[in-house]
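I opened my notebook for a friendly look at how two chains meet. Here is what I looked up, entry by entry.

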Amino acid sequence: MISKKDVEHIASLSRIHLQGPEVEEISKNLESILGYVNKLQSLDVSKVEPTTHVLPLKNVYREDQIKPSLPQDKALSMAVEKSHGAFAVPKVIE
Amino acid sequence: MNLNELTAHEIADLLKQKKTTAKEVYTDTLRHIEKNDGRVKAFVNFSPKTIDPSNDLTALPIPMAIKDNMCIEGEEVTCCSKILKGFKPAYNATVIEKLKKNNAIFIGHTNMDEFAMGSSTENSCYGPSHNPWNLDCVPGGSSGGSTAAVASNEAIWALGSDTGGSIRQPAAFCGIVGLKPTYGLVSRYGLIAFASSLDQIGPLTKDVTDCALLLNIIAGYDPMDSTSANLPKVDYTQALKNDVKGLKIGVPKEYFIEGLDKEVKEAVTQSIKVLEKAGAHFEEVSLPHTEYGVATYYIVATAEASSNLARYDGVQYGLRKMPGQTRKTPLVDMYEETRDLGFGKEVKRRIMLGTYSLSSGYYDAYYLKGLKARHLIKQDFDKVFEKYDAIITPTAPTTAFKIGEKSNDPLAMYLSDIYTISANLAGIPAISIPCGFSKNKMPIGLQLMAKPFAEDMLLRIAYTYEQNTSWHKEKVKL
């Protein structure tokens, strides 16, 4: 069972301010989806390694060289609010 | 005949013979879009281009559509989400760079399910696209705008992206060719991420020859994508041979089960006969963990999505909503209200499902279990490909469904991807090609899968099938 409190907790972890009827609707949806996903619980995976990537990938290293990159003004061009060449956000520290 | 009804290779031939110009092709295409896109709604934005006539003989100046999740410098790209409205990227995706070198003409971006999360293109902040074969039906998804554009001749060819079937299922629903390449074959740099270990960009075309041509352009190693495979360049047009003699193709019994539409099953059975006549051998095989595919996918994909979509927080770009009053702190309130306003229902659902399976207390039971199930699914394919050159299945269990039919039942929608999801989990290449029509004249898709980097095998079988049938010549009448 997923309670309303669980849904609000997951919403908070997801940084989504769920409101009104959406809380109940999403809790119903999650319940039905998790009910389906739970079929995995019947699978014996005690001797199986987890697969995060399907290719035999290795970490990719590169030389520590300075190369052209996105200039600051371009990187900031889509910012909602900017100040002194940086992204500006609501006040964090009083 | 209007030029926009041709394939890219037919246009390339006419250009070479100086029987047409890129400008004429582009003009025909735009005229056609103006007449029809009000009903199909394939495109979400247009970006008019001036055509340089000196390109006509040098490369492939083909008017094409790009799914709304690939970055073109200075052109709005939104993933069909309110949270990215107005976003104009400062750089090109690698696939766009490669296409530009071939003088591709980008008509505009096409509709999709928000952040590629969906199977019908109904989860778009712009509203749904319509299937050109029957405007009351969905085009499939999530690359439904791109497939509808190609099927309705509003683009000569297009790019889509495929995380759990988002190229192949809409290609099947719209009666065109769609290829999901092996994970790592096509660079993901500049593709707005949904689930990074599953996402691949791929071609959507009117026939198999065009598929090989477009794959030739977009495939290849890219240092900007750390998961890009560094392998020698292949010319995929070399695989276009009408010859499947002696090939061994597996028919997985787990794919021919309850829920598979009779007409789809019959079309696939007939397709097998066509290829058998051409010299291929078919045997029943087993992929025993097939039934866990959808469940595994919705754990792995949503977990990755919950992390990837954390970047939409109202700080660097996109939407920002300032909170009315302080609940937590002004900054956290801004994040939470921006995301609540900017994301649609399905995206919120998936972010929350992913957050849940990664959260303390549930990680082992869900996420870790999902990764282990993924291992078993991949192993199933490895075993079959030890003995077989390819696997043949339906692309989707039904033909295109009606708009609105499944939009209130997320689980029913997820199950429409039941045959396509495993290829993403296993990282293998898979193609959907037209293989018939239902009584209602809705297209049916045939799926072929092969081992990693065996795109040439898929193209060879698909090409042989195409040469021995005429489904790909059936045209939409709008």
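**Where the chains meet**

I started with polar contacts, and between chain A and chain B I found 22 residue pairs in polar contact, both residues at pLDDT 80 or more. I keep in mind that this is a predicted model.

Next I asked which parts of chain A touch chain B. Both α1 (4–13) and α2 (21–37) of chain A supply at least two residues each to that side. With ten residues, α2(A) gives the most. I also sorted this side of chain A by class, and got 31 nonpolar, twelve polar and eight charged residues.

For salt bridges, the rule finds six across the interface of chain A and chain B. I looked up one pair by name: A:E81 bridges to B:R320, with 3.0 Å between the closest N and O atoms.

Then I turned to the extent of the contact. Chain A brings 51 residues to it and chain B brings 64 residues. The two chains bury about 5,500 Å² between them, and 70% of that lies on carbon and sulfur atoms. In chain A, the residues that lose the most area to chain B are A:R15, A:V54 and A:M78, which together make up 12% of what that side buries.

**The largest pocket**

How big is the volume of the largest pocket? I noted about 1,100 Å³. It is lined by 39 residues, and the closest to its centre are A:L70, B:Y91, B:Y189, B:G190 and B:M224. By class, the lining of the largest pocket holds 22 nonpolar, eight polar and nine charged residues.

How values were computed:
Residues numbered from 1 in each chain as written. Chains lettered and ligands numbered in written order. Predicted model: local features only at pLDDT ≥ 70, side-chain atom pairs only at ≥ 80, totals over all residues. Heavy atoms only, no water. Contact = heavy atoms within 4.5 Å. Buried area = accessible area lost by both parts, 1.4 Å probe. Salt bridge = Lys/Arg side-chain N within 4 Å of Asp/Glu carboxyl O. Polar contact = N/O pair within 3.5 Å; in protein donor to acceptor, adjacent residues only side chain to side chain. Helix = DSSP H or I, 4+ residues; strand = E, 2+ residues; numbered from the N terminus. Nonpolar A, V, L, I, M, F, W, Y, C, P; charged D, E, K, R; others polar. 1 Å grid on protein atoms, 1.4 Å probe; cavity = no way out; pocket = protein on both sides within 12 Å on 5 of 7 lines; lining within 4 Å. Points joined across faces, edges and corners; volume = space filled by probe spheres on them.
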